[in-house]
Amino acid sequence: RVTLPEEDDISEIDGLNVEEGINYANGNPAIYMEVLNEFLEAYGDSGEAFEKLVKENRNEQIKMLSLDMKGLTGAIGAKDMFFQVNEIHKLFIYNNQHLLH
């Protein structure tokens, strides 16, 4: 699970565009931190969750998790993670979910 450093050090997290996330939060760093904390609470173990769902062939849950995370990763400025979950979601859009295995 990922934990956040102190607010002053948040810009040091690899793969996180803090400036973009704050802009998405109407320029309010406090709101951004709240959204980021909520994201980590809900999806901090998403890597393990995806892995388990793939092993168990639970495609509907994979689809829903990727869709949920797609919007949120964009909102917090996590571009690399957004790209990854978007690619997973596209597999379902184009009926290629078999490529997950």
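Mentor: Terms first. Contact means heavy atoms within 4.5 Å. Buried means under 20% relative accessible area, exposed over 50%, and partly exposed in between, with a 1.4 Å probe and protein chains only. This is a predicted model: local features need pLDDT of at least 70, side-chain atom pairs count only at pLDDT 80 or more, and totals for chains, interfaces and linings use all residues. Residues are numbered from 1 along each chain as its sequence is written, and side-chain values use heavy atoms, with hydrogens and water left out.

Trainee: Fine. How many helices and strands does the chain have?
Mentor: Five helices and zero strands. Helices (H or I, at least four residues) and strands (E, at least two) are DSSP runs, numbered from the N terminus. The order from the N terminus is α-α-α-α-α.

Trainee: What share of the chain counts as buried?
Mentor: Of its 101 residues, 32%. As for contacts with a separation of 6 or more, 53% come from residues 24 or more positions apart.

Trainee: Start with H5. What do its buried residues pack against?
Mentor: Helix H3 (46-55) and H4. The buried residues of H5 are Val85, Asn86, Ile88, His89, Leu91 and Phe92.

Trainee: And how far does H5 reach?
Mentor: It has 15 residues and spans 20 Å from first C-alpha to last, close to the 21 Å expected at 1.5 Å a residue. The expected span is 1.5 Å times one less than the number of residues. Asparagine 95 follows H5, with a positive phi near 55°.

Trainee: At what angle do H4 and H5 cross?
Mentor: Roughly 145°, for H4 (residues 59-76) and H5 (residues 79-93), and the axes come within 8 Å. Axes are lines fitted to C-alpha atoms, for helices over the stretch in contact, and angles run from 0 to 180 degrees between N-to-C directions.

Trainee: Left-handed or right-handed?
Mentor: H4 passes H5 in a left-handed crossing. Left-handed means the near helix is turned anticlockwise from the far one by less than a right angle; right-handed is clockwise.

Trainee: Which residues make that contact?
Mentor: On H4, they include Ile62, Ser66, Met69, Lys70 and Thr73; on H5, Met81, Phe82, Val85 and Phe92 are among them. By class, the contact has eight nonpolar, six polar and two charged residues. Ala, Val, Leu, Ile, Met, Phe, Trp, Tyr, Cys and Pro count as nonpolar, Asp, Glu, Lys and Arg as charged, and the others, Gly among them, as polar.

Trainee: What about valine 85, buried or exposed?
Mentor: Valine 85 has 3% relative accessibility, so it counts as buried. Leaving aside neighbours within four places, its contacts are Phe50, Ser66, Met69, Lys70 and Thr73. The C-alpha atoms of valine 85 and threonine 73 are 8.6 Å apart, with the two residues twelve apart along the chain.

Trainee: Switching topic. How do H2 and H4 pack?
Mentor: Helix H2 (residues 29-43) packs on H4 at about 155°, with the axes 10 Å apart. That angle makes H2 roughly antiparallel to H4. Under 35 degrees counts as roughly parallel, over 145 as roughly antiparallel, 65 to 115 as roughly perpendicular, and the rest as oblique. This crossing of H2 and H4 is left-handed.

Trainee: Which residues of H2 meet H4?
Mentor: Tyr32, Val35, Leu36, Phe39 and Tyr43. Their partners in H4 include Leu65, Met69, Leu72 and Thr73. The contact of H2 with H4 has ten nonpolar, one polar and one charged residues.
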